[in-house]
Amino acid sequence: MQNVMERYQTFRQVVDDITLMNNRFMNKVFDGNIPATQRMLRVILKNDKIKVRKVGVQQWLQNLYGHSTQLDILAEDENGAQFNVEIQRSDEGASVQRARFYCGALDMHFLDTGEKYEALPDAYVIFITESDVFKEGRPIYNVERSINESGKAFGDGSHIVYVNAACQDDTPLGRLMQDFNCSNPANMHYKELADRVNYFKTSKEGEIDMTDIIEAYANNKAKEAAEKAAKKMLADGMSLEAVVRYSELSEEEVRALSAKQSA
């Protein structure tokens, strides 16, 4: 009985602590949630005329001849513009090449056979990053193609945006990033986000719907703790076999950690 109680307390602690910077939780909150998605896009793009007509999460864009990709959030407005929003906790996940690839994937997916290129809708790829990946101290980076010789906009309809979630000042965007990093819905600024976060954190139905996220989150935390312990044991000179036994990581995982420490 005690084990069951301890497990539930751990579950509740994770629920209490989790924020929208966890992409699995973000997906839950925004899935089919037009008001929250619309509010987010309006704030990020400084455009109160955006009217979202549909939104989905974990959308696969299949490529029969190359790399397919799964998008965190994919929304469409009333004019057909496509908006892909990604949460990235590491700088590596928000590389400029990845942004380029996602723009191309959207273009390939939303231009039907026989359609003219001019029919391509505007496409926005938005990375919300935990830290300032460009290290320029800006809250947001808007990337647009331009003609080098004249400086004029190329106007091809592709837009790449990096939002620095570490910048949480008293501006509409800063308050949005406060909400993304806030674990308590009562302290969030935007009602459209707070209402859905509150549902998952306080209702029985939301709690049940969160089970898969919590298990994945707990597993990740446990693995992080095991890797941290394994690194310390390796640094202390313990044998590979002993580290595998005490950390409960696989031999392959421990060897990889050892190789990184030796590099």
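Predicted model: local features only at pLDDT ≥ 70, side-chain atom pairs only at ≥ 80, totals over all residues.
E192 is partly exposed, at a relative accessible area of 25%.

## Charged pairs

Side chains of opposite charge can pair when their charged atoms come close. The whole structure holds twelve salt bridges. One of them joins E192 to R39, with N to O at 3.1 Å. E192 belongs to helix α6 (residues 191-202) and R39 to helix α3 (residues 34-45), so this pair ties together parts 153 residues apart in sequence. R39 is partly exposed, also with a relative accessible area of 25%.

A second bridge links R145 and D156, whose closest N and O atoms are 2.4 Å apart. Both residues sit in the loop between β5 (140-143) and β6 (158-164), so the bridge ties together parts eleven residues apart in sequence. R145 is partly exposed, at 47%. D156 is partly exposed too, at 36% relative accessibility.

K223 lies in helix α8 (residues 211-235) and E253 in helix α10 (residues 251-262), so parts 30 residues apart in sequence are tied together. K223 counts as partly exposed at 38% relative accessibility. E253 does as well, at 27%.

| Pair | Closest N to O distance |
|---|---|
| R145 and D156 | 2.4 Å |

## Nonpolar cores

The largest nonpolar core has 47 residues. Those with the most contacts inside it are L20, F30, I44, I126, I128, L176 and F180. Helix α3 gives the most to this core, with six residues.

Leaving aside neighbours within four places in sequence, I44 is in contact with I126, I128, I140, V161, V163, L173 and L176. Another core lies apart from the largest one. This other core has 14 residues, among them A99, L106, Y141 and I160.

## Helix α3

Helix α3 has twelve residues. From first C-alpha to last, α3 reaches 16 Å, close to the 16 Å expected at 1.5 Å a residue. Nine of its twelve residues are buried, so α3 is largely enclosed by the rest of the structure. The buried residues are A36, T37, Q38, M40, L41, R42, V43, I44 and L45.

At the start of α3, a side-chain oxygen of N33 comes within 3.1 Å of the backbone nitrogen of A36. After α3 comes K46, with a positive phi near 50°.

## Aromatic rings

Nine aromatic pairs turn up across the whole structure. In one of them, the ring centres of Y199 and F200 are 5.0 Å apart and the planes stand at 70°, so the pair is edge-to-face. Y199 counts as partly exposed, at 27% relative accessibility. F200, by contrast, is buried, with a relative accessible area of 1%.

A single aromatic cluster takes in F101, Y102, F127, F134, Y141 and Y162. Y141 is also among the residues of the 14-residue core.

Terms used
Residues numbered from 1 in each chain as written. Heavy atoms only, no water. Salt bridge = Lys/Arg side-chain N within 4 Å of Asp/Glu carboxyl O. Helix = DSSP H or I, 4+ residues; strand = E, 2+ residues; numbered from the N terminus. Buried < 20%, exposed > 50% of the residue type's maximum accessible area, 1.4 Å probe, protein only. Core = buried A, V, L, I, M, F, W, Y, C linked by side-chain atoms within 4.5 Å. Contact = heavy atoms within 4.5 Å. Expected span 1.5 Å × (residues − 1). Polar contact = N/O pair within 3.5 Å; in protein donor to acceptor, adjacent residues only side chain to side chain. Phe/Tyr/Trp six-rings, centres within 6.5 Å; stacked < 30°, edge-to-face > 60°.
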